[in-house]
Amino acid sequence: MTFQKSIRFYDTKTGSQRRFEPINPEVVSIYSCGPTVYNFAHIGNFRNFVFVDVLRRTLKLFGYDVRHVRNVTDVDDKIIRIAQENNESIKDVSSRYEEAFFEDCKYLRLEDVEYNPRATDHIDGMIDLVKRLIEKGYTYEKDGSIYFKVDKFTDYGKLSGIDLSAVRTGARVDSDEYSKEDARDFVLWKGRRNDEPYWDSDFGQGRPGWHLECSAMSRHYLGDTFDIHTGAEDLVFPHHENEIAQSEAANGREYVRYWLHCAFLNMKDQKMSKSLGNIITAKKLRDDGVNGLAVRYFLLSVHYRKPLAFSYESIDSAVTAVTRLQTFFTRIKDLADNREADDRTDFEDKLNKYKNEWFEALADDLNTAKALGSLFELVREANSLMDRQMIGWRQATAILDFLSMADSVLDVMQSDSDSGLNQEIEDLVNCRNEARKARNFEEADRIRDQLKKMGIIIEDTREGVRWRKI
RNA sequence: GGCGGCGUAGCCAAGUGGUAAGGCAGAGGUCUGCAAAACCUCCAUUCAUCGGUUCAAAUCCGAUCGCCGCCUCCA
């Protein structure tokens, strides 16, 4: 690829766009806050994970390898509470929802990431981190729990820009039921309480606080300093702020070079969130037969740092848009396979223009909305030329190469084909063709209706008969 | 109260100083046995409002209105 590597990302820490330069010029290290598996993930959660998916795919398109960690939080207050309510183990709860999460990932065509560590498999690393913080004097103990002393870490607040003096002691900060010396402090290790799960450590039995796992696991897989850390914007404070504090205090090095945060998915004007009760799970859409590619497209159709409102109207419109892309992809592919067709115009410069626009849009802080805009311009222009039989197999092949490249990020143009059904469909299509040749249109239309009931749309084109699934 | 974001057509949305991309919906037309797909034409003299700067503003500055987020578990 001749395109110069010059991706820019909006970095939360600086509040501005910065040219991306990874520590290792070949391999980008990424840590993404993953799901807490206490429930089925909703599509607001998946807005974030689709954004992360676009990030890693874009980096790969630009020639980088990625070393990407996305954790599974499988121990936390909510999981424990649900397990107790249902009289199950936390493992029962977490594995149920973890499994559903990965099914949803497939539904939305999320690429596998390199590492999916579970928090409970990394307790040792977390204990080690707390130990080092204790040694360096960043902690205190109270009622068996270990707290991080925010006062000691002078850079505290640099990510979120929060003014600590504004956080009033005693106001709304005791909700985690653990007492602290200072409202701003956060818990590293929660001392064992009655029938909750616990682990042994040098500083007593207990379980890790929420922030600890990301610091421990990212260090395990990516080292003290890594390139990109992602999450949704509600994690900026306190979660990521606390990660920085504990990691930098313990390691004495910069924790993360680029912080990328995704905006929310809204229902009406409010964020989609479990506590507001306005969620739609990915599983529900999946069970309702909503096309996952349309959902993926919908989530990609707006820049990741802008609020996005969910509606079924938007999903419907995404279905149509995705179908248009898929139809175009198939048309180009068929033409590329047809060595009889010669080029009657030169499309190379135009194609290069669209290619450049595509790369430039993604390089501009993953502007998928802009990228799609120029892609649809290509669709219209190439369709128009194909209608006039101006494009032959050579140029179709060049266009197909670009589409494949674009789809290595989008991943919506090639629908899953149900091969088991194909022979039956082909037979019916052939019968209909015979009927049409015999000008028996009643029979032809009957077969067309029959296919439609099977979810198959027939298209009689100049290049021949095509069919596709609804 | 502190910090941050948003307001562009019927809906979604790109555009951060040079005269409004794109998608969906809608209207008319071409093609077709009919459809479907595709194409063509039309669809914002205007970017929440009001001022200001400038040769030039959706874009910069100021004010106003409306909406949202974080500051507490959260994607």
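Student: Which atom of RNA strand B lies 3.3 Å from a backbone N or O atom of Asp269?

Tutor: A polar contact is a pair of N or O atoms within 3.5 Å; within protein, one must be able to donate a hydrogen and the other to accept it, and residues adjacent in sequence count only if both atoms are side-chain atoms. Here the partner of the Asp269 backbone atom, at 3.3 Å, is a sugar or linking oxygen of RNA strand B. The model is predicted, local features need pLDDT of at least 70, side-chain atom pairs count only at pLDDT 80 or more, and totals for chains, interfaces and linings use all residues. Residues are numbered from 1 along each chain as its sequence is written, chains are lettered from A and ligands numbered from 1 in the order in which they are written, and side-chain values use heavy atoms, with hydrogens and water left out.

Student: Which residues have a polar side-chain atom at a base nitrogen or a base oxygen of RNA strand B?

Tutor: Asp445 places a polar side-chain atom 2.7 Å from a base nitrogen, and Arg436 places one 3.3 Å from a base oxygen.

Student: Which residues come nearest to RNA strand B?

Tutor: A residue is near a strand if one of its heavy atoms lies within 4 Å of it. Of the 54 residues around RNA strand B, the nearest are Trp210, Ala232, Lys271, Asn367 and Arg448. Sugar and phosphate make up 66% of the RNA strand B atoms that come within 4 Å of the protein.

Student: What is the division of this surface into nonpolar, polar and charged residues?

Tutor: Ala, Val, Leu, Ile, Met, Phe, Trp, Tyr, Cys and Pro count as nonpolar, Asp, Glu, Lys and Arg as charged, and the others, Gly among them, as polar. The surface near RNA strand B has 20 nonpolar, 13 polar and 21 charged residues.

Student: At what angle do helix 8 and helix 9 pack?

Tutor: Helices (H or I, at least four residues) and strands (E, at least two) are DSSP runs, numbered from the N terminus. Axes are lines fitted to C-alpha atoms, for helices over the stretch in contact, and angles run from 0 to 180 degrees between N-to-C directions. Helix 8 (residues 292–300) packs on helix 9 at about 105°, with the axes 8 Å apart. Angles of 65 to 115 degrees count as roughly perpendicular, and the two helices are therefore roughly perpendicular to each other.

Student: Where is the cis peptide bond?

Tutor: The cis bond joins Phe237 and Pro238, with omega about 0°. Pro238 belongs to helix 6 (residues 236–251).

Key:
Angles under 35 degrees count as roughly parallel, over 145 as roughly antiparallel, 65 to 115 as roughly perpendicular and the rest as oblique.
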